[in-house]
Amino acid sequence: MAIDLHKYANPKRFLAITAAIYPWSVWLTVLLLVSGLYLSLFVAPPDYQQGDTVRIMFVHVPAAWMALMIYTMMAVSSAVGLIWKHPVADLTAKAAAPIGACFTFLALVTGSLWGQPMWGTFWVWDARLTSMLILFFLYLGYMAVWESFDDPAKAAKAAAILALVGVVNVPIIRFSVDWWNTLHQPASVATMSGPKIHSSILIPLLVMGLAYTAFFVMVLIIRVKAEILQRRLRVLQVSELRER
Amino acid sequence: MKRFFRLILRDLTLAARQGSAVTLSLSFFVIVVVLFPLGVGPELSVLARIGPGVLWVAALLSCLLTLDRMFQADFEDGSLDLLMIGPLPTEMIVLAKVIAHWLTSILPLIVIAPILALSLSIPGDGVLALTTALLVGTPTLSLIGAVGAALTMGMRRGGVLLSLLVLPLYIPVLIFGVAAVDAAIALLPMTPHLLLLGGVSLGALVVGPVAAAAALRLSLS
Amino acid sequence: MRFSVQNLACQRADQLIFEGLSFALGPGEAIWVQGRNGAGKSSLLRICAGLLRPHAGGVAWADEDIFTESDRYQGAFHYVGHQDALKPALTVSENIKFWAAYHGHSDIETALAEFELAPLRDTPAGILSQGQKKRTNLARLAASSAPLWILDEPVSALDKHFIALFKEKLLRHLAGGGMAIFATHQDLGIDQVRRLNLDEVAV
């Protein structure tokens, strides 16, 4: 065989493990999402000031958690791919990026929808929302790097370098945006989550967070599988082209 | 070390002979700044309020304009191959290119920035703070930019991608830089902002050359 | 001093171009790399120069891997790519001087003389013809004392006179115990050269 097959066609163990996890992740997603939505929409008490609009928080806050978590995971994955040259690690980072971008987008949209009743405007240059927006651009840049290289091996390394530089920067960006915010908007503006969280709010939040995580694992498995199959297809196409 | 300075000197000579790159980014800087009074109106209090931000954003954008040529010219004519097989470590090559880029593309902006600041009616303290903040903060622009330039080297539409990759990473510099000037105008101590700016620059000095060297090796292979 | 390539495989964009390539080069020997377009001639030379990592196999200089012991290898070879690495805004002598200083050579005057570049020394490289650029590029070889030459298309764009000159220069280098790996389309007519056809190891 002319083509280097071992590189992409060997993630057998990975596929076996994910095949075992996948059904569980589907069931967990359904279960947690249903119970999380029930808890947050019907059980959790309405806010004494904001009324029922506070329920947007149960969609918004876990999405923001996921956005940060997935970026961190991508960076770890990229480091593994860069150092140990594990091809599945690169693919995992690649597959996770659009999911992370979607969660970031969800956090932005729900944040701005929540901002309307809360601040009377759809967008407030609040520190958290602004750093979410910047994170969204980091995701877009990462995905654009993957698209810009013809050679997947090169794209993987380039994207990994970017993800690592990005993850070093995320805390600095976060800190600088907080700094900027305190300078320009004195503490009169309420921040997204209230100062103290009561357990009747915390539990739905955590359940929703777990539901998102299960959903993320489920979609990630589907996407990584699709990536592996796509690589195999490419290898087959190339070898067919050569045999002609 | 002699080779390191020779490389910087060569880039400076090239920039001096083909003056267009310097004047181009300088004119771009001036035009962007001039657009703001035209856009928001000539009211001096408004201009003084947004002036530091305008100058910093304009500096960021002008830096971006010249960034994609940082390695591109050497890549296209094969010089980069010869630089890489030479005795200088790749990180040092990056550092030399970064220094040359800063001297040719950013230092001229800093020289002209006080004049533009005065035209935006930023008070004297603010002008001094602006110059200091630019001197402390702009090395980060070249250092972080080098990573983006190395990653996008040889791409067809590298410039657009470069902006998307690099601009979000420039945000801390922008924030601390403007904050320093605003503090000076408000007669508050600007040292903490400058220290943060310097800290970011030092961090970039560590991360930038290493990451850019890795990206350079990758783009060449 | 010995340059050897062991079981080399080269991959570009998920495609294996050649594999199982082995050869060795001792003092006074030269290898002429042949092959159709896309056979991997340039890639092989770039691997030999340490610019490209091979997909598999190793390259060794004096029995040390060139990628792990790159510091010891870097002074031992000179690489001339098919691009000229000349800055149009610098003059011919400035271009040569920079590279000579960068790679630690000093013999610029001989370099200029060898390829009859003395009349052009103060001409900006930007207005040179293709052949003159090639000569300037080759002149850097003369300034170098490296035992191994790696040359990618060294005589393209040169006329007969300068091809003969280059050949003479190459023969002198080999006679003095030097080594060379080069890829050209035309036959230089050198007797002691070994041929390496990449089409035979292509996959």
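1. A definition to start with: two residues are in contact if their C-beta atoms, placed from the backbone, lie within 7 Å. With that in hand, take chain B of this predicted model: among its contacts between residues at least 6 apart in sequence, 79% join residues at least 24 apart.

2. On to the overall build of chain B. Its secondary structure comes to 9 helices and 0 strands. The radius of gyration is 18 Å, close to the 17 Å that the globule rule gives for 221 residues, so chain B is as compact as a globular protein of that length. Its C-alpha atoms fill a box of roughly 55 × 35 × 30 Å along the principal axes, and 50% of the 221 residues count as buried.

3. Now have a look at the largest nonpolar core, which has 206 residues; A180(B) and A215(B) have the most contacts inside it. Helix α8 of chain B, residues 158–185, gives the most to this core, with 17 residues. In chain C, domain 1 (1–76 + 146–202) and domain 2 (85–145) both give residues to the core, so it lies between them.

4. Finally, the meeting of chains A and B: 19 residues of chain B are in contact with 23 residues of chain A. On the chain B side, α7 (124–151), α8 and α9 (191–220) each supply at least two residues. The largest share, 10 residues, comes from α8(B). By type, the residues of this side divide into 19 nonpolar, no polar and no charged.

Conventions. Residues numbered from 1 in each chain as written. Chains lettered and ligands numbered in written order. Predicted model: local features only at pLDDT ≥ 70, side-chain atom pairs only at ≥ 80, totals over all residues. Core = buried A, V, L, I, M, F, W, Y, C linked by C-beta atoms within 7 Å. Buried ≥ 20, exposed ≤ 12 C-beta atoms within 10 Å, placed from the backbone. Helix = DSSP H or I, 4+ residues; strand = E, 2+ residues; numbered from the N terminus. Domains from an automatic or database assignment. Nonpolar A, V, L, I, M, F, W, Y, C, P; charged D, E, K, R; others polar. Rg over C-alpha atoms; globule rule 2.2 N^0.38 Å.
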